[in-house]
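Colleague: I have a structure open and would like to talk through its fold. Could we take it piece by piece?

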Amino acid sequence: MFQDPFMPIAAFPREPGWRDVLVIGGGASGVLFAANLLRHDTDLRVTVIEGRHLLGCGIAYSTTDPDHLLNTRVHHMSAFPDDPDHFLRWLQTEVDGVRYRRDSFVSRATYGRYLAALLAPWAASGRLLCVAGTCVAIRERTSGVKVTLADGQSLAGAYAVLATGHVVPRPDPAGLVTRAWSAGADTVPDRAVLIIGTGLSMVDQVLSLERAGHTGPIIAISRRGLLPRPHAAGTPLPTAGEILPLGVPLSAILSWLRGRVRQAEAAGGSWRDAVDGIRPWVSLFWQHMSTEQRARFLRHGASWWEVHRHRIPLASADRIAAARARGRLRIVRAAFVRAEPGRDGAIRAVVRARGSATQDSIEVGRIIDCRGIRNDPERNAAPVIAGLLAQGAARVDPLRLGLEVTAESRLIGADGHPSTRLFALGPVARATFWEITAIPDIRIQAGQVAQRIAEQSDGRAVSHRAQQS
């Protein structure tokens, strides 16, 4: 049985020799880091601070809808890059686990259980502790870091790792627009639903509406009206680092990529093989781009890349295609302008069709915001991030994607100097790595940061509770 690792700070053990690495956030990024660090034979203890008293789930894996599938096959979802079948072995211990294969797509809820189970042995050993609370401040000191919680209590550690996940926009104050993963009012079954965005979250929301018995029309809008492409069998086209066109204009990169697609097709494969072949190198491409090149890519290329890179299982694609064929789902190229109260409890969605200067209104029963993860990291900052920015211990990149970190994931301060004790991983570090929002990429970064901290750590110290100052 999984031992609940959460405990009040006052109950923390104070064994001599332990030193804490404080992990801010217990979602996928935080759990992957903790699991990777705890594999090292060190005197370090991991303390995870998580506000929801639930490890591993976060936004992506807290869903309970069985129709919400991972968009990546099992063999790419292991927590450990050097043990690609770890997740598969865990799956095969589950009820009916024998049916899973390396190329299976499983539910997001199942993966959330796997992430929580990763930490079970360490909770029992005492090397993992968890605090149910919200971190509001981090202070770096010469000898370590101090973390303050919303209730005024504090913790001290040797290092702190920001694993706060995706930037979540503020709720609509009028309550007319609900976020994709927020609980909202029940949808009137026969009323239209407007979904803003046509990416992965839109797919999940459509499947959930159908499972709930919704019968009204569903309208999904986005600037380009692009849908995620479906997965298909294939083998990544081998891509050596020395052939990468780094530091060249975007047009040259696109031309090179098209050449890779032709090469994959000539070998009997498809464009998927070319895309998957360069996946390990995407962050390197990003890091060799100037700010101007990155901005141009975000304007013109990011949407196209994402629908080809972040694909969906064929089962999900077939259901979306069937909903469109029946007229249940319409994909419209348009921009969302605002929401207004409508008649008889309805909501009036004001939209503008692509290429038009005219605004139109649609009466719907619900508006669901699935516009994705590019939200201003300062305007929508969590308290701990806002505090770091205010004290100059962190800074936002020029394109407002996230916090700037070094190639070693060390947090960069307002003065341009990297921290020796503060690290950031997962989506919060997107400004530096770009492709750092999916498990195959996060697990590599988590392993690298864990390795650096384990190597950087020398000597032994007593883990202790910091006195409130």
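Colleague: Which strands does helix H5 lie across?
Modeller: This is a predicted model. In it, helix H5 (residues 200-211) lies across S9, strand S10 (218-222), strand S11 (329-341) and S14. Its direction is at about 160 degrees to S9.

Colleague: What is the strand order of the open sheet of seven strands?
Modeller: The order is S8-S14-S9-S10-S11-S12-S13, and the pairing is mixed. Strand S8 (177-179) and strand S13 (359-364) each have a single partner strand, so one side of each is left without a neighbour in the sheet. From one strand to the next, the twist averages 40 degrees.

Colleague: And how many bridges join S9 to S14?
Modeller: Four bridges join strand S9 (residues 193-196) to strand S14 (residues 366-369), and the two run parallel. Within this pair, Leu 194 stands opposite Ile 367.

Colleague: Changing topic, what is the order of the six strands in the other open sheet?
Modeller: That sheet is ordered S3-S2-S1-S7-S16-S15, with mixed pairing. Its edges are strand S3 (128-132) and strand S15 (410-412); each has a single partner strand, so one side of each lacks a neighbour in the sheet. Neighbouring strands are turned by 35 degrees against each other on average, direction ignored.

Colleague: Is S2 mostly covered or mostly uncovered?
Modeller: S2 is mostly covered, with seven of its seven residues buried. Leu 44, Val 46, Val 48 and Glu 50 are buried on one side, and Arg 45, Thr 47 and Ile 49 are buried on the other.

Colleague: What do S1, helix H1 and S2 make?
Modeller: Together with helix H1 (residues 28-38), S1 and S2 make a right-handed β-α-β unit.

Colleague: Which helix lies across S1, S2, S7, S15 and S16?
Modeller: That is helix H14 (residues 439-456), running at about 145 degrees to S16.

Colleague: Lastly, what is the average pLDDT, and where is it below 50?
Modeller: The protein chain averages 88, and 91% of the residues score at least 70. Over residues 459-469 the pLDDT is below 50, although this stretch has 36 contacts in the model beyond near neighbours in sequence. Where pLDDT is low, the predicted coordinates should not be read in detail.

Conventions
Residues are numbered from 1 along each chain as its sequence is written. This is a predicted model: local features need pLDDT of at least 70, side-chain atom pairs count only at pLDDT 80 or more; totals for chains, interfaces and linings use all residues. Side-chain values use heavy atoms; hydrogens and water are left out. Two strands pair if DSSP finds at least two bridges between them. Axes are lines fitted to C-alpha atoms, for helices over the stretch in contact, and angles run from 0 to 180 degrees between N-to-C directions. Contact means heavy atoms within 4.5 Å. pLDDT is the predictor's confidence in each residue, from 0 to 100. Buried means under 20% relative accessible area, exposed over 50%, partly exposed in between (1.4 Å probe, protein chains only). A crossover is right-handed if, with the strands pointing away from the viewer, the path from the first strand over the helix to the second runs clockwise.
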